[in-house]
Amino acid sequence: MDWFAFAEQMILAAERSGVDPQLADRLVRQTFLGAARMLSEDDRDAAALKRAVTSPNGTTQAGLTALEDPSALPAVVPETLRRAHARALELAAEA
């Protein structure tokens with residue numbers, strides 16, 4: 001998955017919601033950096049870390065319901081990988 005594209009879409013969505021562009025960029029960067037730091041420094045898996053930092057019935061949990069909907073990331077990630085793999089095969093055939 002292209003994390004830069006994901007970050008870009010998060011920033012654009014925040015801006016469309018009225019968040020100042022610089023603040024939107026800073027919040028997304030902090031979110032990504034914090035998550036990456038936790039994943040590299042903590043022995044728990046991603047699911048356990050998500051549970052540890054998400055308040056039950058909080059705003060993050062509410063937002064995650066959209067991302068975890070079967071028509072969202074669970075559908076997009078496999079399709080992203082499929083397309084990247086297909087292109088890799090095309091490029092290999094051209095070489």
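## Contacts along the chain

Take contacts in the protein chain between residues at least 6 apart in sequence (contact: heavy atoms within 4.5 Å): 24% of them join residues at least 24 apart. Burial covers 12% of the 95 residues; buried means under 20% relative accessible area, with a 1.4 Å probe and protein chains only.

The model is predicted, so local features need pLDDT of at least 70 and side-chain atom pairs count only at pLDDT 80 or more, while totals for chains, interfaces and linings use all residues. Residues are numbered from 1 along each chain as its sequence is written, and side-chain values use heavy atoms, without hydrogens and water.

## Overall form

The protein chain holds five helices and zero strands. Helices are DSSP runs of H or I with at least four residues, strands runs of E with at least two. From the N terminus, the order is α-α-α-α-α. The radius of gyration, taken over C-alpha atoms, is 16 Å, well over the 12 Å from the globule rule for 95 residues, so the protein chain is more spread out than a compact globule. That rule is 2.2 Å times the number of residues to the power 0.38. Along the principal axes, the C-alpha atoms fill a box of roughly 50 × 35 × 30 Å.

## The α1–α2 pair

Helix α1 spans residues 3–16 and helix α2 residues 21–41. Their axes come within 9 Å and cross at roughly 140 degrees. Axes are lines fitted to C-alpha atoms over the stretch in contact, with angles from 0 to 180 degrees between N-to-C directions.

On the α1 side, W3, F6, A7, M10, I11, A14 and E15 meet P21, A24, D25, V28 and F32 of α2.

Definitions and conventions:
Buried < 20%, exposed > 50% of the residue type's maximum accessible area, 1.4 Å probe, protein only.
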